[in-house]
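Biologist: I'm new to reading protein models, and I'd like to go through one slowly with you. Could you give me the general idea of each feature first, and then show me the case here?

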Amino acid sequence: MSNQPSSAIRHDWTPEEVTALFQLPFNDLMFQAQTVHRQNFDANEVQISTLLSIKTGACPEDCKYCPQSGHYNTGLEKEKLMEIQRVIEEAKAAQEGGASRFCMGAAWRSPTVKQMPYVVDMIKQVKDLGMETCMTLGMLDGDQAQELADAGLDYYNHNLDTSPEYYEDIITTRTYQNRLDTLQNVRDSGMKVCCGGIVGMGETLRDRAGLMVELANLPHHPESVPINMLVKVEGTPMDQVEDLDPFDFIRSIAVARIMMPESHVRLSAGREEMNEQMQSMCFLAGANSIFYGCKLLTTANPEADADRQLFQKLGIRPEQRNQEHGDNAQQAALMDAVKQQRTDAFFYDASQAS
Ligand code: SF4
């Protein structure tokens, strides 16, 4: 394989060449990833979003890594769908803290006919605040995806989790094809796609390559690609899985960056377990998106203040939104806050909200 980095948008990756990418000498892989990253992004900017769980726990799906699954006893406190007013208050607080995108997640198999009007209303009201919106609600059929898009939802998150081959070891209550169908419905509706996976679930290198092949060979690359490191939660079947070598995670970020040059690669779940040096290696490998100042659905996210300090140490700025996304005053305010090293009300912490 050539070590010459290329930013070509490709949808014809083979497992063999992606496995070879993973096996490059570490420095060569990082060089390729950083080169591709710089061809497409400002290397010192990271996009940040806030994530709120609008309905926690008692999910009927059996994803073996997930504390929200009703199949496992993890001691997680179950919550009903959050009242719209409360969601809007959380969104306003996030906005006042500088967040420009508000992501809302519900532990559902898919939204029901009864639930749809609530989420549609949430989208409209959060949009009315002038924020970008993202949701993750489980599987969507074509009509549901269109309804959410028509309400103004900007992004929909639905992950592939792992390779098709390893998938049945992780989830049995929905198929890989179900997931691909939802992604197609989201794409057809005109919404942007947020789709990635999880590393560290006992998968082989070939599985990791297989996940990346599936993501990059979608008809359009997802605009946002969250790469999660498994957070082992007691009570889930994954709580005893062998620890992932941090270099394997960093390699996964680098490979995602090389294969999907124009996508935001998101350093997602598991960040709390990474020290500053590992996070900075992930940024060097091409990660350019994080959640901050909020619980990452049910697992803790690093203290927002630690994020602020790390950004300052690395000279990283929050990414400015494109004009196509409308008014970028929020992001400008956030950048000002970083420059001025303000700590007050800068990072919004939903886990502390009443
Ligand atoms: S990952 Fe999502 S679908 Fe799977 S159990 Fe958790 S909340 Fe449910």
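Modeller: Gladly! Let's start with Asp161, which sits in the loop between β4 (155-157) and α6 (164-167). Those labels follow DSSP runs, numbered from the N terminus: a helix is a run of H or I with at least four residues, and a strand is a run of E with at least two. This is a predicted model, so local features need pLDDT of at least 70 and side-chain atom pairs count only at pLDDT 80 or more, while totals for chains, interfaces and linings use all residues. Residues are numbered from 1 along each chain as its sequence is written, and side-chain values use heavy atoms, leaving out hydrogens and water.

Biologist: What is there to notice about the phi of Asp161?

Modeller: The general idea is that most residues other than glycine have a negative phi. Asp161 is not a glycine, yet its phi is positive, at about 70°. Ala58 is another residue other than glycine with a positive value, near 60°. You'll find Ala58 in the loop between β1 (45-55) and α3.

Biologist: Are Asp161 and Ala58 buried or partly exposed?

Modeller: Relative accessible area decides that: buried means under 20%, exposed means over 50%, and partly exposed lies in between, with a 1.4 Å probe and protein chains only. Asp161 counts as buried because its value is 2%, whereas Ala58, at 40%, counts as partly exposed.

Biologist: And how many residues of the whole protein chain are there, and what share is buried?

Modeller: The protein chain has 354 residues, and 57% of them count as buried. The chain contains 12 helices and 10 strands.

Biologist: What about contacts across the whole protein chain?

Modeller: A contact means heavy atoms within 4.5 Å. Among contacts between residues at least 6 apart in sequence, 76% join residues at least 24 apart.

Biologist: Now for charges. How many salt bridges are there?

Modeller: Side chains of opposite charge can pair when their charged atoms come close. The rule used here asks for a side-chain nitrogen of Lys or Arg within 4 Å of a carboxyl oxygen of Asp or Glu. The search of the whole structure finds 16. In one of them, Arg86 pairs with Glu90, with their closest N and O atoms 3.4 Å apart. Both residues lie in helix α3 (residues 84-96), 4 residues apart, about one turn of the helix. Glu90 is buried, at 3% relative accessible area, while Arg86 is partly exposed, at 34%.

Biologist: Which residue does Glu132 pair with?

Modeller: Its partner is Arg101, and the closest N and O atoms are 3.0 Å apart. Glu132 belongs to strand β3 (residues 132-136) and Arg101 to strand β2 (residues 101-106), so this pair ties together parts that are 31 residues apart in sequence. Both Glu132 and Arg101 are buried. Elsewhere, salt bridges that share partners join Arg10, Asp12 and Glu17 into one network. The Arg10 to Asp12 bridge has an N to O distance of 2.8 Å.

Biologist: Where is Ser263, and what does its side chain reach?

Modeller: Ser263 lies in the loop between α9 and β8 (264-267), and it counts as buried, at 3% relative accessibility. Its side chain reaches the backbone oxygen of Pro222 at 2.7 Å. Leaving aside neighbours within four places in sequence, the residues in contact with Ser263 include Phe41, His221, Arg257 and Asn288.

Biologist: Last one: which residues are around the ligand?

Modeller: The residues are Cys59, Glu61, Cys63, Tyr65, Cys66, Gln68, Ser69, Ala107 and Arg174. They divide into 5 nonpolar, 2 polar and 2 charged. Ala, Val, Leu, Ile, Met, Phe, Trp, Tyr, Cys and Pro count as nonpolar, Asp, Glu, Lys and Arg as charged, and the others, Gly among them, as polar.

Conventions: Near = heavy atom within 4 Å. Polar contact = N/O pair within 3.5 Å; in protein donor to acceptor, adjacent residues only side chain to side chain.
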